[in-house]
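Please look at the chain as a whole before turning to its parts. The paragraphs below are meant to be read beside the sequence and the coordinates.

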Amino acid sequence: MPSKSLASPARKRQLGAERSTQPLPTVHDIPSDAKIIWGRLAIISTVLAWLAYVIYTILRQFLNNGAESFRFTTEAVSYVIVVTFLTFSALLYLVARQGALQRFRDHVRVPRAELDGHFANHQGSLTVLVPSYSEEHGVVRATLWSAALQEYPDLRIVLLLDDPPHPTDPAVAAQLRSSRSIARDIELALAVPKNRFAEELLICEIELADDQQPTQRAVQRLADSYQWAARWLQAMASAETIDDHVDTFFVEQVLGGLAAELSLTGAALTAAAREGTAPSAARMLELHRRLLWTFSAELDTFERKLFSSLSHEANKAMNLNAYIGLMGRRFQREEGPDGTILRPVADDAPADYVVRDSEYLLTLDADSLLLRDYCLRLVYFLEQPDNARVAVTQTPYSSFRGAPTRIERLAGATTDIQHILHQGLSHYGATFWVGANAVIRKVALEDIVEVETVGGFEVRRYVQDRTVIEDTESSIDLGTHGWSLTNYPERLSYSATPPDFGSLIVQRRRWANGGLLILPKLWRQMRERRRQGHPISVIELALRVNYMASIAWASFGLIFLLAYPYDSRLLSPVVVLAAVPYFLAMGSDLRSCGYKFSDILRIYGFNLILLPVNLAGVLKSMQQAVTSKKIPFARTPKVRNRTAAPLLFVVVPYVIVAFSALTLWRDVSQGNWGNALFAGFNALLAVFAIAAYIGLWNSIVDVWLGLTQWMFVERAPRRSVAVEAPQPLEPVLDWRAVIYHGHAVGELPSDVEVITGPFVNQPGSKSTKQGALK
């Protein structure tokens, strides 16, 4: 069994990082009645505190003093706007959290026997699409294994490699060859258990023919099969190389968790055999099928850049669209000068390239892992009669525990908080597709597909690539067409979080870019749903707007509060009281997710140093709105060495600290104690965040790189050529390119003569141009 690559060393563990690698329970704890009541009181307290501030602080100032000056009036209005938007976001956090608590309280897990019974008669095909670009071998391998070991009857997994197909760098070419072999290696490894369990199922079907009842020997043989499968997985787990906490999760939870469950089932069957009893004949067949389904995935690799007739736009959405657009269709391959061309053919015509269709799709990021019954439970959910119009269901991903760096631990904490909030969004019908993993009805994607012709070839866009948050935009498109989205209330998927400040910048800047561009689509959805007779509720609208635009107003609002010295008469302890329920609720959620209550302060400082990153993403959205030019998709680096941060995003956190310290000194000297306290609080937490999450030495290194990087030119690899190859006397003409394109690729050489009729003229002369026209 191949082990993970050891090309990258494990990341050094920092002081204050996380030690325990034990994940949170799959099923959320049932919240107590007291917790739900306190949540309601927090919502009421926030609203009352905001009203009290507006009435007793702002309105009282105007009633007592009137509009005493234009400056004071402007300050008062702007301050109320900022406070209102920030309080609005805090309030919606509490609202979404309350919805999540109610979902966790009402959720009842479907028993295993009900799942097996359902899929004995319903076996809709499922294709797992794993888009990948320049990923490490071990990362992709673990993801594909977690998908291949899903207990699902008809499962096909396709790795969508988006790397350049013909690299010249030997190291890159070796990595690509390694990535191309992963799917084949996994399918070969699964062949042994797959063939064994297929034979066992056939024997069981023969023995149970003619309404025969299971014998004690048949039950024991089935128990032995389950124990054999558990040992096979345990042997694989023992052969794995563990370099970091993600490897630990893969070994203990993906492989070990499945092995433990199969072993437990085997032990139960052994106990039944010893008692001389047996499950029913139908249940025996279901248990045999479960083993076969677990080890019978079909795997393949697809590279769209090998085909000149497919879009090569550099983003994840078009990588997915390229393959989805081929599904269920037949093609004839034709070799062209720029790559293979796929020509669609009719169903009754011969074809040498056929892509299987599928009822369901599972999109899975290459750095995500699934627990064993993810597909089974989510497809079962979609196939319930009440969910016929649910297009997408998912379990918002959780973070891997045991992060070796402080920033990865805190990023994981915010990820686990977001998991709760996404569950709350589903309670109010405001779910957004989170692209790391999701099960999708293909028919729903066909409802929102946009077809255009580019360069003579048909391009189908199922997932929009207009913005870099393609999943959010597709959520709005699906809602406009009458489809809904739902988060499944369990923890069944996990994804990596950035381990250093440089990679976190790439991720968070992308997340902040695009929400404002999608808002107009939400207004169109409102009109369409009103026309269809089921309008958007006020709570759903508020949650959706907050999800897409809160980064923008929170960033600008925080800049106002940090930079402008507001009149001390506008400050009031009531403003703090409006924020207290939000921070207390978040602290409670952090503690329930296995973190510390004090992490709310760390998250506040964390958001301070991310302020320029979020602001940069918002400004990119505005740039795209003005220029109508797409912003390039920036993939989050997934490497085990540190990613250097851009100069601007390293320097600005220090500027925030310096400005806050200056504001503190100025306000203390002027007796403006409210502003002074706020400035001192920000300076203290920002200093801690810089030291803990960026690092003083890393800051120096990144600043030096930012100032000097432009001076260096990458050295080209040396070519060892013994003898210089003789140059051809005449330029070699690429006849395939001429026949296909109608002209040679690139510019014609200046010394090529153009023959026109019986005359031979020098190119560029007047007679040449006239002769060509003749």
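This is a predicted model: local features need pLDDT of at least 70, side-chain atom pairs count only at pLDDT 80 or more; totals for chains, interfaces and linings use all residues.

Residues are numbered from 1 along each chain as its sequence is written, and side-chain values use heavy atoms, with hydrogens and water left out.

The chain holds 24 helices and 17 strands, taken as DSSP runs numbered from the N terminus (helices: H or I, at least four residues; strands: E, at least two). Of its 774 residues, 52% are buried, a term that means under 20% relative accessible area, with exposed meaning over 50% and partly exposed in between (1.4 Å probe, protein chains only). The accessible surface, computed by the Shrake-Rupley method with a 1.4 Å probe, comes to about 36800 Å², and 60% of that belongs to carbon and sulfur atoms. Among contacts (heavy atoms within 4.5 Å) between residues at least 6 apart in sequence, 82% join residues at least 24 apart.

Helix α9, which spans residues 316-324, is mostly covered, since nine of its nine residues are buried; among them are K316, N319 and Y323. At the start of α9, a side-chain oxygen of N315 comes to within 3.3 Å of the backbone nitrogen of A317.

R409 belongs to helix α11, residues 406-427, and is buried, its relative accessible area being 10%. Apart from neighbours within four places in sequence, R409 is in contact with G16, A17, E18, A403, Y595, K596 and D599.

Note on methods. A polar contact is a pair of N or O atoms within 3.5 Å; within protein, one must be able to donate a hydrogen and the other to accept it, and residues adjacent in sequence count only if both atoms are side-chain atoms.
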